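Welcome, and please take a look at the model below. A short tour of its helices and aromatic rings follows.

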Amino acid sequence: KDLILGKSLGDILKDFRRFWRSMTQHSQMRWIGPEKGVFHLCVSGVVNCIWDLWAKLECKTLFRLLCDISPEEMVSMLDFSYVADVCSENDALEILNRNYESRKARLTEME
């Protein structure tokens with residue numbers, strides 16, 4: 001309960017990556033499936049709820065919220081520890097920046 005209770009959404013969003021890591025690397029929880037398995041499924045459910053709550057508080061669809069996040073902010077929220085061998089933070093930032101301007105067309109299509 002110390003992982004979530006008492007934390008504000010603002011505190012979590014200030015360092016989303018740290019929040020994810022605090023949950024997935026907690027010494028008392030890793031036994032459920034260190035870095036895989038049931039525990040990661042549970043953490044993913046909590047994180048999905050946080051994304052939905054954030055979008056709801058912003059009065060946006062989740063798709064709109066994601067489109068409004070800058071590439072730098074998006075990369076800062078993600079944990080690359082499991083994909084760093086194929087996609088670094090710089091690689092992801094380059095991909096997002098390269099496609100940033102085309103998001104307007106995708107938004108128009110989705111909305």
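## Helix α3

Keep in mind that this is a predicted model. Let us begin with helix α3, which runs over residues 38-57. With 20 residues at 1.5 Å each, α3 should span 28 Å, and the 29 Å between its end C-alpha atoms agrees with that.

Which residues of α3 are buried? They are Phe39, His40, Val43, Val47, Ile50, Trp51, Trp54 and Ala55. Looking down the axis of α3, you will find these buried residues within an arc of 145 degrees, so they line one face of the helix. Val38, Leu41, Cys49 and Lys56, on the other side of α3, are exposed.

## What covers α3

The cover over the buried residues of α3 includes α1 (9-14), α2, α4 (62-68) and α5 (71-77). Just after α3 comes Cys59, with a positive phi of about 55 degrees.

## Aromatic rings

The model has three aromatic pairs, counting rings whose centres lie within 6.5 Å. One of them joins Phe16 and Phe19 edge-to-face, at 6.4 Å centre to centre and with 75 degrees between the planes. Both Phe16 and Phe19 are buried. These two sit three residues apart in helix α2 (residues 16-24), so about one helical turn separates them.

Ring pairs also bring in Trp51 and Trp54, giving a cluster with Phe16 and Phe19. Trp51 and Trp54 are among the buried residues of α3, and α2 is part of what covers those residues.

## A charge over a ring

Finally, have a look at Tyr100: Arg103 lies over the face of its ring, 3.8 Å from the ring centre.

Conventions. Residues are numbered from 1 along each chain as its sequence is written. This is a predicted model: local features need pLDDT of at least 70, side-chain atom pairs count only at pLDDT 80 or more; totals for chains, interfaces and linings use all residues. Side-chain values use heavy atoms; hydrogens and water are left out. Rings of Phe, Tyr and Trp (its six-membered ring) pair if their centres lie within 6.5 Å; planes under 30 degrees apart count as stacked, over 60 as edge-to-face and the rest as tilted. Helices (H or I, at least four residues) and strands (E, at least two) are DSSP runs, numbered from the N terminus. Buried means under 20% relative accessible area, exposed over 50%, partly exposed in between (1.4 Å probe, protein chains only). A charge sits over a ring if NZ of Lys or CZ of Arg is within 6 Å of the ring centre and within 35 degrees of the ring normal. The expected span of a helix is 1.5 Å times one less than its number of residues. The arc is that of the directions from the helix axis to the C-beta atoms. Contact means heavy atoms within 4.5 Å.
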